[in-house]
There are 2 protein chains.
Amino acid sequence: MKLSERKKKILQIVVDDYIETAVPVSSKNITDKYMKDVSSATVRSELSALEELGYLTQLHTSSGRVPSPEAYKLYVSELMVKDKLSVKELNYIKKIFTEKSGDIEYVIKNAVKIISELTDYTSIGVPAAGTDEKIEIIKLVKIKPDAALVLIVTQSRLYKDNYINFPESVSEERINNASDMLTKIFAGKTMVEVAETSFDALAQFEEYKEIFYKVIDALKEYAVRNENVFMEGEEKILNHPEYADVDRIKNFLSVVSSNDKMVNILHDDGRDISISVKIGSEENADGVPEGCSVVSATYSANGQKLGTYGVIGPSRMDYQKVVAVLENVGKILENILSNK
Amino acid sequence: MKLSERKKKILQIVVDDYIETAVPVSSKNITDKYMKDVSSATVRSELSALEELGYLTQLHTSSGRVPSPEAYKLYVSELMVKDKLSVKELNYIKKIFTEKSGDIEYVIKNAVKIISELTDYTSIGVPAAGTDEKIEIIKLVKIKPDAALVLIVTQSRLYKDNYINFPESVSEERINNASDMLTKIFAGKTMVEVAETSFDALAQFEEYKEIFYKVIDALKEYAVRNENVFMEGEEKILNHPEYADVDRIKNFLSVVSSNDKMVNILHDDGRDISISVKIGSEENADGVPEGCSVVSATYSANGQKLGTYGVIGPSRMDYQKVVAVLENVGKILENILSNK
DNA sequence: AGTTGGCAGTCGGGCGTAAAGAGTGCTAAC
DNA sequence: GTTAGCACTCTTTACGCCCGACTGCCAACT
């Protein structure tokens with residue numbers, strides 16, 4: 001079902017116009033604004049054909065046409081004219097990322113913020129799971145007489161959110177020894193492996209075994225714990241006229257504020273494409289709410305996946321801008337992080 | 001302007017009924033449901049008097065009465081019957097807090113989650129600023145050949161979100177030495193003090209001064225960095241009929257998703273009360289949106305403020321439940337944390 | 001003096017009708 | 001293949017209307 005050039009052009013016009021105005025597009029509107037060389041009747045028959053093909057729908061008999069999810073897909077993959085960011089915007093992105101440094105979570109937080117600012121949509125990010133990376137260092141840091149912070153360093157991540165408590169005070173020396181031994185034992189294994197193995201052999205380390213078991217528990221917890229989802233501008237969805245309806249808002253927010261659902265939606269499909277576009281529809285149970293689209297990208301540095309970032313908004317989304325922003329943030333990010 | 005007992009009773013009835021039903025309360029409704037001993041005409045004159053006193057308002061001449069912010073204030077401080085949590089709810093709270101441990105941020109996250117679950121409102125929490133506490137330990141932990149994590153331990157907090165990068169690889173020994181020296185130099189001072197002092201004297205430490213200055217920068221950043229605001233259930237506001245209006249939702253979300261604004265609202269006023277209730281109105285520029293109320297409490301353990309937690313929702317809020325939940329979560333939390 | 005029933009007055013919400021407006025689909029002619 | 005024209009459909013808005021829900025006031029009662 002190849003589309004004629006004119007059909008493509010008209011479809012592009014419909015999508016562009018609908019994205020801009022949020023108003024169903026009529027044949028007259030098309031001829032007036034974009035195609036003065038033909039009459040509205042001609043366009044009408046083309047529109048009718050495009051509807052037959054599943055690219056357009058009508059809300060009711062006497063309304064203009066609205067793009068279907070299929071139309072958006074085609075638009076993004078073939079019809080859309082790619083946007084370029086202004087120099088100002090590019091510099092802004094660069095500035096943020098060179099000023100700040102830190103671990104992946106911090107980078108993602110900033111990326112999400114920038115993306116939301118530049119696109120004016122709700123933006124989201126999840127760090128790539130590092131639990132299948134090899135452990136490099138395990139370190140216990142004594143914080144209180146009877147408590148220590150468990151740090152796990154893998155190639156791309158630092159896990160630093162778990163604590164262990166001891167029944168009584170433990171000397172710094174013991175803790176340092178334990179750190180060194182743990183690193184020796186577990187370096188080269190992944191957290192998932194550690195979580196799945198039983199370490200009966202550790203029982204031999206008499207005086208340390210208690211600490212070891214606690215650390216293993218901490219490791220296991222990291223392995224199953226959900227990744228943080230970072231989000232910015234969840235209220236921006238309200239700026240769009242299709243979200244004047246409270247039920248839709250409710251639905252949107254309930255999806256967006258559920259970490260599990262967002263991780264699921266953002267989870268990259270292993271496909272090796274830079275930018276993925278998911279468009280919500282009734283059948284598509286991907287988790288993307290109907291009428292919503294998610295545009296996302298997975299960024300890497302030195303061959304290691306860093307995380308997935310994206311934008312969620314109405315299907316009637318400014319894909320040109322969004323794709324441009326995601327691509328550029330990605331490029332700049334990967335450059336900076338790879339050079340390190 | 002003391003209210004007669006009957007006026008108080010009627011005002012209480014109006015607030016109770018309005019909280020329950022969200023419908024303006026009429027005189028007939030009152031006599032039918034709550035005061036069968038008098039006629040509606042009698043109640044009408046009382047209502048009229050209460051309106052005169054500023055406790056009630058009418059949306060239009062032929063509507064029932066709605067409580068004013070003043071009425072809610074009086075209701076919470078004098079009229080309301082305190083609620084008790086069920087044993088099931090109490091056990092649920094206890095279970096969560098004994099199972100989990102960790103630093104303050106983790107505790108707050110959990111508290112906020114529980115509060116939102118039990119009250120069914122949007123709940124929020126901010127850790128108390130620890131930047132005016134005395135530093136106990138400064139520790140640099142080598143993560144990569146040329147990068148270290150900066151840990152600062154104060155009495156109640158652990159700061160663990162700042163990194164420093166070195167131009168070249170630095171040995172573990174040097175880093176450990178630096179940690180020890182830094183702890184000696186800065187222990188007993190607060191981060192705010194450190195941020196305000198200039199440490200020209202450090203220039204003498206030749207080979208360490210570079211590391212020192214970077215750590216001081218990190219300290220300064222902690223000192224000015226905004227506290228995290230934890231939030232749960234921001235979509236729950238939509239369950240209330242007064243938030244059927246998109247503009248109000250927008251306003252609510254824009255306040256709630258601004259960390260600065262929330263910190264401002266939650267900032268405890270130094271007053272030594274356990275539970276604070278702020279009710280939004282036009283004049284009151286406290287930052288609480290009109291039509292909203294914030295109920296919050298500041299929790300401490302061992303004389304040290306831990307953080308402020310609360311609930312934000314429509315002024316027509318189930319104060320009985322909310323106050324009970326906040327009080328009990330606080331009690332349980334303080335018990336558990338003090339015994340440690 | 002406080003309370004009550006009754007009644008007039010006000011306002012909002014729901015409903016049907018009417019008219020206007022926006023678009024389409026179809027057809028006959030070019 | 002394209003076009004102008006026309007009939008048809010459906011939404012939106014407005015208007016008028018009536019009903020119901022309250023209140024406020026007043027005169028009568030306890």
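A polar side-chain atom of Arg44(A) lies 3.3 Å from a base oxygen of DNA strand D. The model that shows this contact is a predicted one. This briefing covers the surface near DNA strand D, the nonpolar cores, and one exposed histidine of chain B.

**Surface near DNA strand D**

- DNA strand D is surrounded by 20 residues, and the closest are Ser39(A), Thr42(A), Thr61(A), Ser27(B) and Arg65(B).
- Thr61(A) has a polar side-chain atom 3.3 Å from a sugar or linking oxygen of DNA strand D.
- Arg65(B) places a polar side-chain atom 2.8 Å from a phosphate oxygen of DNA strand D.
- Two or more residues of this surface come from each of the elements α3 (40-52) of chain A and α3 (40-52) of chain B.
- The element that gives the most to the surface near DNA strand D is α3(A), with 3 residues.
- By residue class, the surface near DNA strand D divides into 12 polar, 5 charged and 3 nonpolar residues.

**Nonpolar cores**

- In soluble globular proteins, nonpolar side chains tend to be buried together.
- The largest nonpolar core holds 58 residues, of which Leu11(B), Ile30(B), Phe97(B), Tyr319(B) and Val329(B) touch the most other members.
- Helix α12 (residues 319-339) of chain B supplies the largest share of this core, namely 10 residues.
- This core lies between domain 1 (5-79) and domain 2 (87-128 + 227-338) of chain B, because both domains give residues to it.
- Beyond its neighbours within four places in sequence, Val329(B) is in contact with Ile93(B), Phe97(B), Ala111(B), Ile114(B), Ile115(B) and Tyr299(B).
- Another core, of 57 residues, lies apart from the largest one; Leu47(A), Leu50(A), Ala301(A) and Tyr319(A) are among its members.

**His267 of chain B**

- His267(B) sits in the loop between α11 (259-266) and β8 (275-279) of chain B.
- With a relative accessible area of 52%, His267(B) is exposed, because the cut-off for that class is over 50%.
- His267(B) and Thr298(B) are separated by 31 residues in sequence, while their C-alpha atoms are 9.2 Å apart in space.

Technical notes
Residues are numbered from 1 along each chain as its sequence is written. Chains are lettered from A and ligands numbered from 1 in the order in which they are written. This is a predicted model: local features need pLDDT of at least 70, side-chain atom pairs count only at pLDDT 80 or more; totals for chains, interfaces and linings use all residues. Side-chain values use heavy atoms; hydrogens and water are left out. A nonpolar core is a set of buried Ala, Val, Leu, Ile, Met, Phe, Trp, Tyr and Cys residues joined through side-chain atoms within 4.5 Å. Buried means under 20% relative accessible area, exposed over 50%, partly exposed in between (1.4 Å probe, protein chains only). Helices (H or I, at least four residues) and strands (E, at least two) are DSSP runs, numbered from the N terminus. Domain bounds come from an automatic or database domain assignment. Contact means heavy atoms within 4.5 Å. A residue is near a molecule or strand if one of its heavy atoms lies within 4 Å of it. A polar contact is a pair of N or O atoms within 3.5 Å; within protein, one must be able to donate a hydrogen and the other to accept it, and residues adjacent in sequence count only if both atoms are side-chain atoms. Ala, Val, Leu, Ile, Met, Phe, Trp, Tyr, Cys and Pro count as nonpolar, Asp, Glu, Lys and Arg as charged, and the others, Gly among them, as polar.
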